[in-house]
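Hi everyone, and thanks for coming. Let me bring up the structure I would like to walk you through.

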Amino acid sequence: MSRDIKLDSAALALSSLDHAGQDIELYLEQLRQISDAVEAARKQRVATDLASGEGQGALIAKVIGEQLGFVGDSDSYDAPLNADMIRVLDRRRGLPVSLSILYVAAARRMGWRADALKTPSHALVSIGPTDAPTLIDPFNGGRLVLPEQLLALLEQVSDAGGWPSETHVAPMSNRMTLVRLLLNQVSRAEQAGDTLRARALYERMTVMAPDHGAGWWEFACLQLVHREVDKARASLGAMLEVTRDIERRAHIHAALARLTTGD
């Protein structure tokens, strides 16, 4: 699992790009205060109570969800600010993935194993020892996710024409968690018809996760929308550098050839 960046502060850095002049140090201090609150609560507990994922998850939920009041924004779920970490910290409301970032980062600072999962439509958090992790739902105050609740969530994949698999509960790397956060912002920009905003977000994605080929492809497509042909070629070339799938590489080469011939 990628530990090369700190998940919550990286999400905050991405958010700061949309808040010129905002003092990011104030928000970094809020992240420290979250961790301090979790640490203070941990010191009041018997160590054996925190040996399990269930105990760790319950403590994190009590602090972040109950004490600090971070919960999912059910009333204005699709509002872009729910994927904007500065606004999430301001309002203590957010999307499953943005709140998951806060939970995962705080748990890791305690030395606990925690990851955001690839669960479709609704990011969950796995916390606890590798052999006995517990699933919690930051959007709903960090409550425990029971097996039947997880199954119901995964059944949505079948309804969409897919099929649940282990990949849907696999941990996301730090960078892919941030990609998912950015994709939430992209979808809202696209719904609003704001291609300039979407292009800017995909550009951030290519910087944050340069090995994510799909980000390069979408970035190139939006560059073409704005008639930036040379830049689109460069983006497709970057995608080739990180793509090993033969069929996908052929698709990229074909796109580059069309751009070269002007078709």
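First, some ground rules. This is a predicted model, where local features need pLDDT of at least 70 and side-chain atom pairs count only at pLDDT 80 or more, while totals for chains, interfaces and linings use all residues. Residues are numbered from 1 along each chain as its sequence is written, and side-chain values use heavy atoms, with hydrogens and water left out.

So, what is the chain built from? Its secondary structure comes to 11 helices and six strands. Both are DSSP runs numbered from the N terminus, with helices being H or I of at least four residues and strands being E of at least two. The radius of gyration is 20 Å, close to the 18 Å from the globule rule for 263 residues, so the chain is as compact as a globular protein of that length. That radius is taken over C-alpha atoms, and the rule is 2.2 Å times the number of residues to the power 0.38. Along its principal axes, the C-alpha trace spans about 70 × 45 × 35 Å.

How much of the chain is buried? Buried residues make up 48% of the 263 residues. Here buried means under 20% relative accessible area, exposed means over 50%, and partly exposed is in between, using a 1.4 Å probe and protein chains only. As for contacts, meaning heavy atoms within 4.5 Å, 55% of those with a separation of 6 or more are between residues 24 or more positions apart.

Now please look at helix 8, residues 195-208. Its 14 residues at 1.5 Å a residue should span 20 Å, and its end C-alpha atoms are 20 Å apart, which agrees. The expected span is 1.5 Å times one less than the number of residues. Which residues of helix 8 are buried? They are Ala198, Arg199, Leu201, Tyr202, Arg204, Met205, Thr206 and Met208. The cover over these residues includes helix 1 (7-16), helix 7 (174-191) and helix 9 (213-225).

Leaving aside neighbours within four places in sequence, His212 is in contact with Met176, Val179 and Met205.

Next is the loop between strand 3 (114-116) and strand 4, which holds His122 and Ser121. Beyond neighbours within four places in sequence, His122 is in contact with Pro96, Asp137, Phe139, Asn140, Leu153 and Arg180.

Another positive phi, of about 60°, belongs to Arg227, which is not a glycine. Arg227 lies in the loop between helix 9 and helix 10 (229-242), and at 76% relative accessibility it counts as exposed.

Last stop: Gly128, in the loop between strand 4 (125-127) and strand 5 (134-137). With 2% relative accessibility, Gly128 counts as buried. Not counting residues up to four places away in sequence, Gly128 touches Gly53, Gln56, Arg113 and Pro133.

That ends the tour, and I am happy to take questions.
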